[in-house]
Amino acid sequence: MEAKSNEEREAASAALAVKRGEAEVDALNDTARALYVTKTEDELQELSQTSSGDNPDQADG
């Protein structure tokens with residue numbers, strides 16, 4: 001699974017930090033919070049490792 005945008009990749013990184021106990025849930029924006037709730041740590045890790053050069057800044061839609 002790859003992130004569809006740099007925004008999604010950054011949100012996945014933030015959500016992953018919360019899953020690992022490195023940040024607080026209150027620090028998440030809506031996109032990151034949705035990923036935190038719906039994805040496993042492994043899925044978030046995979047999303048956050050997507051190369052930023054491969055993605056637009058924001059996903060369409």
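Predicted model: local features only at pLDDT ≥ 70, side-chain atom pairs only at ≥ 80, totals over all residues.
Biologist: What makes the chain pattern α-α-α?
Modeller: The protein chain has three helices and zero strands. Helices are DSSP runs of H or I with at least four residues, strands are E runs of at least two, and numbering starts from the N terminus. Read along the sequence, that gives α-α-α.

Biologist: How do you know that the length of helix 1 agrees with expectation?
Modeller: The expected span is 1.5 Å times one less than the number of residues. Helix 1 has 14 residues, so it should span 20 Å, and its end C-alpha atoms are 20 Å apart. Just after helix 1, Gly21 takes a positive phi of about 80 degrees.

Biologist: Why is helix 1 called oblique to helix 2?
Modeller: Helix 1 (residues 6-19) and helix 2 (residues 30-38) pack at about 55 degrees, with axes 8 Å apart. That angle makes helix 1 oblique to helix 2. The classes are roughly parallel under 35 degrees, roughly antiparallel over 145, roughly perpendicular from 65 to 115, and oblique for the rest. Axes are lines fitted to C-alpha atoms, for helices over the stretch in contact, and angles run from 0 to 180 degrees between N-to-C directions.

Biologist: Which residues make helix 1 meet helix 2?
Modeller: Glu8, Ala11, Ala12, Ala14, Ala15, Val18 and Lys19 of helix 1 meet Thr31, Ala32, Leu35 and Tyr36 of helix 2. By class, this contact has eight nonpolar, one polar and two charged residues. Ala, Val, Leu, Ile, Met, Phe, Trp, Tyr, Cys and Pro count as nonpolar, Asp, Glu, Lys and Arg as charged, and the others, Gly among them, as polar.

Biologist: What makes Ala32 buried?
Modeller: Buried means under 20% relative accessible area, exposed over 50%, and partly exposed in between, with a 1.4 Å probe on protein chains only. Ala32 has 2%, so it counts as buried. Ala32 lies in helix 2. Not counting residues up to four places away in sequence, Ala32 touches Ala11, Ala14 and Ala15. Touching is contact, heavy atoms within 4.5 Å. Ala32 and Ala15 are 17 residues apart in sequence but 5.3 Å apart C-alpha to C-alpha.

Biologist: And why is Glu46 called partly exposed?
Modeller: Its relative accessibility is 39%, so Glu46 counts as partly exposed. Glu46 sits in helix 3. Its C-alpha atom is 9.6 Å from that of Ser13, 33 residues away along the chain.

Biologist: How do helix 1 and helix 3 cross?
Modeller: Their axes come within 8 Å and cross at roughly 145 degrees, with helix 3 covering residues 41-48. This crossing is left-handed. The contact of helix 1 with helix 3 has five nonpolar, three polar and four charged residues.

Biologist: Where do the buried residues of helix 1 pack?
Modeller: Against helix 2 and helix 3. Among these buried residues are Ala12, Ala15 and Leu16.

Definitions and conventions
Residues numbered from 1 in each chain as written. Heavy atoms only, no water. Left-handed = near helix turned anticlockwise from the far one by under 90°.
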